[in-house]
Amino acid sequence: MDISNKIRSQILIDALPHIQKYHDKIVVVKYGGNAMTNAELKEAVMSDIVLLSEVGIKVVLVHGGGPEINAMLKRVGIESKFINGLRYTDAETIDIVKMVLCGKVNKELVCALQLHGGKALGLCGCDGQMILAQKLDSEVDLGFVGDIKKVTTKPIVDALNNGYVPIISTVGVGEDGQSYNINADTAAARIASCLRAEKLILMTDIVGLLEDKDDDSTLIPQVNVSDVPYLKKKGIISGGMIPKIDCCVEAVRRGVKKTTIIDGRVPHSILIELLSNEGVGTQFI
């Protein structure tokens, strides 16, 4: 598609106030879904993050890796088991989770960002006890699934201050050294709040919160966190959206200025959200 120089210049002019708004501010992006498995979308995400870093926005990338974990478990003959949407993580599985998330997926993302000209530093929650965790207290035993006790932000801030994009895999560590599998949305929300981030972005495979879940044109662009209980009661927030939106609410209540659920299936959705007047997805304030 050919774009005239006039349109190009207008796009850049329109982006300027947004660049100024986020300059030297922290933006946490939870990366997952199709944007992580589709090669074209992955390229777009990496280039978006490099561009944002180059204009002075401090991006922190938090990632999961469910499909990669499933594939590795299948390869070694371990059945993937989920209870209430959470992965049951026994001793064998936590070893695979660490190997895949902290090793394969994390380092692939570091290399991908660097191939696009960025500076990346791969971290996991065990590094510097960044994510101090304890066994999740739940009605059903989930094994080594963790709940976050504390986030130590120094490793992240040190990386940012030295010009790196921290890429964080969400494996936490207990006080006894035991590793725990942490939900990536939950970890991103807590990390964002502890960093006092300007914005938290959760990348998903949906357009955002819909008034009618079967009609994308009913997107709700903005929600006040105080309205969330009412929307749950009406059934507008239901199913798999509940835990994601609960993470958004927690982040805002803990000090993040704004959180947004965006459609990671749209190329460059991060740039559209941060550097345009329209934005994408559903914003929680």
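Me: What should I know about the model before I start?
Reply: The model is predicted: local features need pLDDT of at least 70, side-chain atom pairs count only at pLDDT 80 or more, and totals for chains, interfaces and linings use all residues. Residues are numbered from 1 along each chain as its sequence is written, and side-chain values use heavy atoms, with hydrogens and water left out.

Me: How are two packed helices described?
Reply: By the angle between their axes and the distance between the axes. Here, take helix α4 (residues 66–75) and helix α5 (residues 91–115). Their axes come within 9 Å and cross at roughly 125 degrees. That makes α4 oblique to α5. (Under 35 degrees is roughly parallel, over 145 roughly antiparallel, 65 to 115 roughly perpendicular, and the rest oblique.) The crossing of α4 past α5 is right-handed.

Me: Which residues make the contact?
Reply: Contact means heavy atoms within 4.5 Å. From α4 come Glu68, Ile69, Met72 and Leu73. The α5 side includes Thr93, Ile96, Val97 and Met99. By class, the contact of α4 with α5 has nine nonpolar, one polar and three charged residues. (Ala, Val, Leu, Ile, Met, Phe, Trp, Tyr, Cys and Pro count as nonpolar; Asp, Glu, Lys and Arg as charged; the others, Gly among them, as polar.)

Me: How do I tell a cavity from a pocket?
Reply: A cavity is a set of points where a 1.4 Å probe fits but cannot get out. A pocket is an open set with protein on both sides within 12 Å along at least five of seven lines. Lining residues have an atom within 4 Å of a point.

Me: How many cavities of 30 Å³ or more are there?
Reply: One. The largest cavity holds about 40 Å³ of space. Its lining includes Ala35, Met203 and His268. Helix α3 (39–54) gives the most to this lining, with four residues.

Me: What lines the largest pocket?
Reply: 50 residues line the largest pocket. Gly85, Leu86, Asn183, Ala184 and Asp185 lie nearest its centre. The pocket has about 1,300 Å³ of space. Its lining divides into 20 nonpolar, 18 polar and twelve charged residues.

Me: Where does the largest share of the second largest pocket's lining come from?
Reply: From α1, with six residues. The second largest pocket has about 360 Å³ of space. Its lining counts 16 residues, with Ile11, Ala15, Leu271, Leu275 and Ser276 closest to the centre.

Key
Axes fitted to C-alpha atoms, helices over the stretch in contact; angles between N-to-C directions. Helix = DSSP H or I, 4+ residues; strand = E, 2+ residues; numbered from the N terminus. Left-handed = near helix turned anticlockwise from the far one by under 90°. 1 Å grid on protein atoms, 1.4 Å probe; cavity = no way out; pocket = protein on both sides within 12 Å on 5 of 7 lines; lining within 4 Å. Points joined across faces, edges and corners; volume = space filled by probe spheres on them.
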